[in-house]
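Please walk through this protein with the model open beside you. The tour takes the sheets, the metal site and the ligand surroundings in turn.

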Amino acid sequence: MAAIATQLPIRVRLKRMTGLLVGLLLLQALIFYKFRPTEKQRYTRKRDLTLNNTDSRRESEGISFLSFLAQYPVKIISSFYGNSFSVNTSYAYRMSDTPSKVNSSILKIKDSVTRNAEGLNKTCSIQETALARRRMVNLNPPSWRELENKFKDTGLLPGGLWRPKNCNPNVHVAIIIPFRGRDSQLRVFLNNMIPLFQKQNLDYGIFVVDQREGPPFNRAMLMNIGFMESSKLGNYNCFIFHDVDLIAENEFNIYRCAEKPRHMSVLIDKYNYKVLYKDIFGGVTALTREHMQKVNGFSNVYFGWGGEDDDMSKRIRDKNGPGLSSVPGEIGRYKMIKHQHEKSNPINSLRWDLLKSTLNMWKSDGLSSLEGRYSILKLERRPLYTWMYTDVDEKAILWDDAMAKYRKNSWVQYLLTLNHTFITASPSISDGARTIHSIDLFVKSPCIPKCLSFISLCVISICAIILTNL
Ligand code: UDH
Ligand code: MN
């Protein structure tokens with residue numbers, strides 16, 4: 001075969017090879033599509049879990065089942081007391097592998113700024129002549145060492161808190177940054193924004209709410225968490241929710257709250273300094289404690305990109321809501337640090353449906369449904385900001401009754417089975433004296449799709465090597 005092939009002109013051989021390679025790739029795509037793993041196959045089944053129960057009365061109450069499950073590292077998020085599990089049903093469980101909560105009250109620090117006599121009586125004001133309408137922004141990220149050196153003599157307190165010395169502020173501003181894996185953007189943000197906050201004579205603290213890896217990013221819930229947790233650390237009365245990649249260009253954009261919730265990032269360079277749509281409320285927004293309480297904060301159910309800001313816009317514009325205001329465009333000018341779209345923040349395909357329910361759901365979804373659905377894994381007073389490392393319990397949020405109508409949605413299903421374990425209880429066999437339940441515990445096995453693509457790539461490469469030798 002090889003001998004015949006070498007006699008063929010090179011052009012014919014190349015043509016033949018490309019044809020075959022394309023054919024093989026198509027075949028691979030076909031095989032991949034045909035044999036793609038089903039949801040069940042993506043899980044490894046643990047067969048050792050069989051429950052032989054002899055106490056059928058307790059069994060029917062579900063008690064033995066629960067105590068049996070207690071041996072395993074799973075946390076039950078749906079109870080099924082009373083409702084026997086003798087039918088084929090799937091329940092979602094979450095591994096309870098999160099470290100214990102941090103007691104944030106021990107980290108509370110006192111106001112350690114000593115003001116002079118004059119400062120004690122004077123309320124803080126802003127020296128407008130010092131402000132620039134077009135400031136120079138520097139989008140190159142400095143190192144952490146450079147940053148800490150730059151600000152070390154500005155009177156920052158641990159955790160990045162700062163207060164003016166010569167006056168008595170009546171507004172206490174918490175800057176809340178929803179965050180995950182954008183270290184260099186955070187450095188650019190601090191480098192540009194700390195000088196602005198200090199120039200504006202703000203009494204402020206910066207809180208970076210960092211979502212632990214796992215479920216898709218949940219920007220709005222992180223902002224709720226920042227609101228709750230920063231309130232435990234200081235008496236903040238104005239909350240500015242701030243994307244880490246937005247840098248203010250006009251120093252007259254004062255970081256204070258207004259009578260109505262305020263949209264601050266009105267014109268962004270990425271969108272050619274155009275307002276994207278009416279009533280937009282994303283990017284940088286300022287709300288007082290009262291505003292937040294009145295609308296029950298942000299929604300917690302928006303995992304992935306999109307929708308959460310429009311949900312808040314609807315909450316505040318509701319007929320009994322506090323209303324929406326925005327700074328004039330010329331003042332609300334921002335640069336967005338260039339970035340890619342993260343895989344861990346996929347577009348939320350459920351967002352349009354969720355937005356239709358905002359006005360029915362807001363009372364039960366928000367600050368009032370936050371408790372017990374997140375944990376603060378670490379809380380650190382870093383030199384330039386307070387770091388809140390947070391774990392969001394997506395199963396607990398999505399298993400809420402209010403979300404029941406969306407349970408069949410593929411996005412919700414994906415989130416509920418993500419990286420976690422679920423259990424199938426198969427029909428029980430009862431011989432009168434004892435009931436046998438066979439319970440399958442499925443643990444996600446990420447290997448199957450990966451192995452498949454690896455194997456098919458190997459096959460393609462081997463074929464290609466053989467073909468080039470034809
Ligand atoms: N974020 C992270 N890590 C992530 C994803 C998001 O820290 O992996 C934070 C970060 O603060 C970021 C913010 O969430 O600035 C918003 O995410 P994004 O920068 O990916 O969003 P994008 O720039 O959207 O695409 C800006 C809003 C545009 C229009 C509003 C439509 N409703
Ligand atoms: Mn962005």
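Begin with an open sheet of three strands, in the order β8-β13-β10, with mixed pairing. Its edge strands are β8 (246-248) and β10 (267-268), and each pairs on one side only. Strands here are DSSP runs of E with at least two residues, helices are runs of H or I with at least four, and both are numbered from the N terminus. Two strands pair if DSSP finds at least two bridges between them. β8 and β13 (residues 333-336) pair in the antiparallel sense over three bridges. There, Ile247 stands opposite Lys335 in β13.

Some ground rules apply throughout. This is a predicted model, in which local features need pLDDT of at least 70 and side-chain atom pairs count only at pLDDT 80 or more, while totals for chains, interfaces and linings use all residues. Residues are numbered from 1 along each chain as its sequence is written, chains are lettered from A and ligands numbered from 1 in the order in which they are written, and side-chain values use heavy atoms, with hydrogens and water left out.

Now turn to the metal. Which residues coordinate the manganese ion (ligand 2)? They are Asp245, through OD, and His339, through NE2, at 2.0 to 2.3 Å. Donors are N, O and S atoms within 2.8 Å of the metal (3.2 Å for Na, K and Ca); water is not among the atoms, so sites may look incomplete. The pair links distant parts of the chain, 94 residues apart. Asp245 sits in the loop between β7 (238-242) and β8, and His339 in the loop between β13 and α11 (351-361). Are these two residues buried or exposed? Asp245 counts as buried because its relative accessibility is 4%. His339 is partly exposed, with a relative accessible area of 31%. Buried means under 20% relative accessible area, exposed over 50%, and partly exposed in between (1.4 Å probe, protein chains only).

A backbone N or O atom of Pro178 lies 2.8 Å from an oxygen atom of ligand 1. For Val244, a backbone N or O atom lies 3.0 Å from a ligand oxygen. Glu342 brings a polar side-chain atom to 3.4 Å from an oxygen atom of ligand 1. A polar contact is a pair of N or O atoms within 3.5 Å; within protein, one must be able to donate a hydrogen and the other to accept it, and residues adjacent in sequence count only if both atoms are side-chain atoms.

Next comes an open sheet of eight strands, ordered β12-β9-β11-β7-β5-β6-β15-β14, with mixed pairing. β12 (325-326) and β14 (374-381) are the edge strands, each pairing on one side only. β5 (residues 172-179) and β7 pair in the parallel sense over four bridges. Ile176 stands opposite Phe241 in β7. β5 and β6 also pair in the parallel sense, over eight bridges. Here the bridge partner of Phe179 is Asp210 in β6.

How many residues of β6 are buried? Nine of its nine are. Both faces are covered, with Phe207 and Val209 among the buried residues on one side and Ile206 and Val208 among those on the other. In a regular strand the side chains alternate between the two faces of the sheet.
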